[in-house]
Amino acid sequence: MGNACPVCGQIDQVQKISAIRSSGISTGSFAGPSGGLTYANKQVGSYGGYTRLSGSTATQLAQELALPERPKPIAYVPQISGTAVGVLAILFTFLFLCGAVSSNNPEVNLSMAGLAFVGGLLASTVVEVTNKNKAKIFEKEYRKEIDELEAKVLRGVEIYNRAYYCFRDDQIFDPQTMRRCSPGELNDWLYNQ
Ligand SMILES: [Zn+2]
């Protein structure tokens, strides 16, 4: 049997996690395989016959079996953005203009405002270009790591899509490799291998 549980060796309590997810979320109930069912650590179902999880139990299990958030991609994070510098420049321009209204020497304030505006825009452009270059250099330097993480995430999602859950043992497993984990370890199991 291709999808027998690696713990109990049976298929009667086994269901694809994507199926458990969708039925548990959309209908709030999960029709378990016939032959009984235990939702091992959380709640015990009955053996023998056709059993169902319903209400919060089904939703809870469905949530536990959700695809964990994917690891964030590796990327260069600039200390300050060109936009932030631009906003600061406009703020100072505005402050100098306000000062000009009440000043005895409005020319000084006006020229300061002009300086803040032009200088700020220039600085903003320089920062933006520098950030882009740094990001490029970063990407070159960490190309391997970035690719590796991307591949890891893709592989994790693939495993997730083909994984099964055994109600008897409260275990998730990959029918291709027979690796397994409990629902709480799903994140590490998918992405850190
Ligand atoms: Zn099992």
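Okay, let's start with a definition: helices here are DSSP runs of H or I with at least four residues, strands are DSSP runs of E with at least two, and both are numbered from the N terminus. On that basis, the protein chain has six helices and six strands. Reading along the sequence, you get the pattern β-α-β-β-α-α-α-α-β-β-β-α.

Some housekeeping. Residues are numbered from 1 along each chain as its sequence is written. This is a predicted model, so local features need pLDDT of at least 70 and side-chain atom pairs count only at pLDDT 80 or more, while totals for chains, interfaces and linings use all residues.

So how confident is the predictor? pLDDT is its confidence in each residue, from 0 to 100. The protein chain averages 84, and 81% of the residues score at least 70. Among the elements, confidence is lowest in strand β2, residues 29-31, at a mean of 60, and highest in β6, at 96. Over residues 34-38 the pLDDT is below 50, and that stretch has 17 contacts in the model beyond near neighbours in sequence. By contact I mean two residues whose C-beta atoms, placed from the backbone, lie within 7 Å. Residues 40-51 also stay under 50, with 22 contacts beyond four places in sequence. Where pLDDT is low, the predicted coordinates should not be read in detail.

Now the chain as a whole. Of its 193 residues, 21% are buried. Buried means 20 or more other C-beta atoms within 10 Å of the residue's own, exposed means 12 or fewer, and partly exposed is in between, with C-beta atoms placed from the backbone. Looking at contacts with a separation of 6 or more, 60% come from residues 24 or more positions apart.

On to the sheet. Which strands are in it, and in what order? Four strands form an open sheet, in the order β1-β4-β5-β6, and the pairing is antiparallel. Strands β1 (14-16) and β6 stand at the edges with a single partner strand each, so one side of each has no neighbour in the sheet. For two strands to pair, DSSP has to find at least two bridges between them. Take β5 and β6: they run antiparallel and are joined by two bridges. Ile 172 stands opposite Cys 181 in β6.

What about the core? A nonpolar core here is a set of buried Ala, Val, Leu, Ile, Met, Phe, Trp, Tyr and Cys residues joined through C-beta atoms within 7 Å. The largest one has 19 residues, and those with the most contacts inside it are Ile 17, Ala 163, Tyr 164, Tyr 165 and Cys 166. The elements giving two or more residues to this core are α1 (17-26), α2 (55-64), α5 (143-162), β4, β5 and α6 (186-191). If you click on Ile 17, you'll find that it touches Leu 65, Ala 163, Tyr 164, Tyr 165 and Ile 172, leaving out residues up to four places away in sequence.

Let's look at two helices. The expected span of a helix is 1.5 Å times one less than its number of residues. Helix α4, residues 106-141, has 36 residues and reaches 51 Å from its first C-alpha to its last, close to the expected 52 Å. Its buried residues are Ala 113, Ala 116 and Ser 124, and they pack against α3 (82-102). The C-alpha atoms of Lys 132 and Pro 78 are separated by 9.0 Å, though the two residues are 54 residues apart along the chain.

Then α5. Its 20 residues should span 28 Å, and its end C-alpha atoms are 29 Å apart, which agrees. Which residues are buried in α5? Gly 156, Ile 159 and Tyr 160. They cover an arc of only 100° around the axis, so they sit on the same side of α5; the arc is that of the directions from the helix axis to the C-beta atoms. What covers these buried residues includes α6. The face turned away carries exposed residues, including Arg 143, Lys 144 and Asp 147.

Most residues other than glycine have a negative phi. Asp 170, in the loop between β4 (164-166) and β5 (171-173), has a positive phi of about 55°. Met 178, in the loop between β5 and β6 (180-181), has a positive phi of about 65°. Are they buried or exposed? Asp 170 has 19 C-beta neighbours inside 10 Å and so counts as partly exposed, whereas Met 178 has 11 and counts as exposed.

Conventions. pLDDT is the predictor's confidence in each residue, from 0 to 100.
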